[in-house]
Amino acid sequence: MPSFLQVAVLLALVITAAKGAGALSKRLGQPAVFGELLAGILLGPTLLDILHWPLFSDPQYLEHLVGDLAELGVIFLMFLAGLETDLQEMRKVGAAAFSGAAGGVALPFLSGTALGLAFGFPVYESIFIGTILTATSVSITAQTLLELGRLRSREGTTVLGAAVIDDVMGIVILSVVVALHQAGMATAPLAGQAAAAAGSEGPAAGAGAAGLATVALILLRMAAFFAAALAAGRWVLPWLLRQAGRWPGTEPQFAMALVSGLLLAVAAEELGGVAAITGSYMAGVMLALVPELKQAVEERLAILAYGFFVPIFFVNIGLEANLVQSVAASGPGFLVLILVAAVLGKIVGSGLGVRPFGFGWMEALRVGIGMVSRGEVALIVAGIGLQEGVISQAVFSVMVVMTLFTTLITPILLRWSFGRAPGSPSGAAAYSPIPGTRSGEAG
C-alpha cells in the first residue's frame with residue numbers, strides 16, 4: 001500500500017477511535033477528553049501498538065507525522081483557549097479568583113518539585129513536574145457545574161475566573177522553565193570549557209555570574225517578545241483581519257487568522273524563547289477583544305481543531321506512552337504521591353486562597369475541588385516537557401495517569417460537595433465556551 005494511503009488509514013483509525021471513545025465517555029457522564037485519552041492508550045504500545053501493525057511499513061515516519069499533527073493540534077487548542085479568555089470577566093471576579101489561582105499554582109508547584117527532588121530526579125525535571133501540577137482544565141468542572149445548575153453560583157464564577165488566571169500563570173511558568181532549560185543546555189558546553197581553562201576557584205564565581213546574566217537575558221528577551229506581541233495583537237492583527245475580510249475568495253479572513261496564530265507561535269519560540277503555545281494563546285486573547293472578529297474565527301477554528309487536529313493530539317498522548325513499563329520504572333510510590341499532591345495541592349491551595357474573601361469552609365472546598373481537574377492543559381505541558389527533553393518517558397506516563405485520575409475524580413467530588421439537589425435550569429445553559437455546545441466540553 002502506498003505511504004499516503006497508509007497515512008489516510010492511520011488518521012481514519014485515530015479520529016474514529018477518538019470520537020467514538022469520546023462519545024461513549026460522555027454517555028457515561030465523563031468529559032470527551034477522558035475517552036480520547038483512553039483510546040490513545042489502547043491504540044498505543046500499552047496494549048495494541050497500532051503503529052507496528054504489518055499494515056504500516058514505516059512506523060517511524062508515521063510516528064513523526066502524527067506527532068507533528070498533534071503539535072499543530074496543541075497550537076490550535078491554545079488559540080481557542082485564548083479566544084475563550086474573557087478579560088472583562090477576569091476583572092469582575094476580582095481578588096478572590098486571583099488569590100485562589102495563586103494558591104492553586106503555588107502549592108502544587110512546590111509539592112511536585114519537592115516530590116521530584118525527594119525521588120532523585122534532576123532539578124529541572126523536578127521543577128517541570130511541579131509545573132505540570134499547576135495546570136487546571138475548567139472544561140470538566142464547567143460541565144459538572146452545568147449539570148448541577150451551579151455554574152453561576154459564587155463558587156462557580158470564582159472557579160471559572162481562577163481557572164483562566166491559573167492558565168496564564170501556568171503558561172508564564174512553563175515559558176520560563178523551558179527557556180531556562182534550553183539556555184542551560186546551550187551554555188553547558190561553554191561553561192565546561194571555561195571551567196577547564198580557568199582552574200578550580202574562578203569557575204564557580206564565573207559560572208554564577210554567567211548564570212545570572214543568562215537568566216536576565218532570557219527574562220529581557222521574553223519581556224520584549226510579550227510587549228511586541230501585545231502591540232501587534234492589539235493593533236496590527238485586527239487591522240489585518242478586517243482587510244482580509246474584504247478580499248475575494250473563500251474564507252480569506254479565517255485563513256489569515258490561522259496564519260497569524262501560526263506565525264505568533266513560531267515567533268514565540270524562535271524569537272521570544274518561550275513555548276510556541278504562548279504565541280497562539282496570545283493571538284486568541286487579542287482577537288477575543290474584538291467581538292466581531294472573535295465570532296468569525298472561533299466557530300470555524302473550533303470545527304477545524306476539534307474535528308481533526310485536537311483528537312489526533314489526545315490520541316497521540318497514548319501512542320507515545322507505555323503506561324505499564326513507564327509507571328513500573330518510576331515506581332508505584334512516586335505515582336501514588338503524585339496523585340495525592342495533584343488533588344490536595346489544588347483543594348488546599350485554592351481553597352485557602354479564597355478563604356480571606358468571605359468564603360465559608362464548604363464554599364472554599366468547592367472552589368478547591370473545582371480546580372483539581374488537569375485535563376488537556378496538563379497534557380500540553382507534559383508533552384512540551386517530553387519534546388524538549390526536560391522530563392523522561394516514565395515521568396510523562398505518570399502525568400498521563402495523573403490527568404486521567406483527576407479528570408475522573410473531579411466530577412465525583414463536585415457532586416458530593418454540592419449535594420445531589422439540582423440547581424436552576426437557567427444555570428445549566430449559561431456557559432458555552434465552544435459554539436454549538438452546552439456542556440463546555442468540546443472534543
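A residue is called buried when its relative accessible area is under 20%, exposed when that area is over 50%, and partly exposed in between. The structure discussed here is a predicted model, and these words are applied to several of its residues below.

K346 has a relative accessibility of 0%, so this residue counts as buried. Its partner is D166, and the two form a salt bridge in which the closest N and O atoms are 2.7 Å apart. D166 has a relative accessibility of 1%, so D166 is buried as well. The pair joins two helices: D166 lies in helix α7 and K346 in helix α13, which spans residues 332-354, so the bridge ties together parts that are 180 residues apart in sequence. Side chains of opposite charge can pair when their charged atoms come close.

The model has five salt bridges in total. Another of them is formed by the side chains of E363 and R154, with 3.5 Å from N to O. E363 belongs to helix α14 (residues 361-370) and R154 to helix α7 (residues 154-198), so this pair connects parts 209 residues apart in sequence.

E292 is partly exposed, at a relative accessible area of 45%, and R242 is partly exposed at 37%.

Helix α11 also takes part in a helix packing. Two packed helices are described by the angle between their axes and the distance between the axes. Helix α3, residues 59-83, packs with α11 at an angle of about 140°, and the axes are 7 Å apart. That angle makes α3 oblique to α11. The crossing of the two helices is left-handed. Which kinds of residue make up the contact of α3 with α11? There are 22 nonpolar residues, three polar ones and two charged ones.

Helix α2 covers residues 32-43. From the first C-alpha to the last, its 12 residues reach 17 Å, which is close to the 16 Å expected at 1.5 Å a residue. The helix is mostly covered, with 10 of its 12 residues buried. Among the buried residues of α2 are V33, F34, L37, I41 and L43, and E36 is buried too.

The loop between α2 and α3 contains D49. Most residues other than glycine have a negative phi. D49 is not a glycine, yet its phi is positive, at about 50°. D49 has a relative accessible area of 26%, so it is partly exposed. E251 is likewise not a glycine and has a positive phi of about 50°. E251 sits in the loop between α8 and α9 and is partly exposed, with a relative accessible area of 37%.

The last stop is helix α7, where T158 lies. T158 counts as buried because its relative accessibility is 7%. T158 and F98 are 60 residues apart in sequence, and their C-alpha atoms are 8.9 Å apart in space.

Note on methods
Residues are numbered from 1 along each chain as its sequence is written. This is a predicted model: local features need pLDDT of at least 70, side-chain atom pairs count only at pLDDT 80 or more; totals for chains, interfaces and linings use all residues. Side-chain values use heavy atoms; hydrogens and water are left out. A salt bridge is a side-chain nitrogen of Lys or Arg within 4 Å of a carboxyl oxygen of Asp or Glu. Helices (H or I, at least four residues) and strands (E, at least two) are DSSP runs, numbered from the N terminus. Buried means under 20% relative accessible area, exposed over 50%, partly exposed in between (1.4 Å probe, protein chains only). Axes are lines fitted to C-alpha atoms, for helices over the stretch in contact, and angles run from 0 to 180 degrees between N-to-C directions. Angles under 35 degrees count as roughly parallel, over 145 as roughly antiparallel, 65 to 115 as roughly perpendicular and the rest as oblique. A crossing is left-handed if the near helix is turned anticlockwise from the far one by less than a right angle, and right-handed if clockwise. Ala, Val, Leu, Ile, Met, Phe, Trp, Tyr, Cys and Pro count as nonpolar, Asp, Glu, Lys and Arg as charged, and the others, Gly among them, as polar. The expected span of a helix is 1.5 Å times one less than its number of residues.
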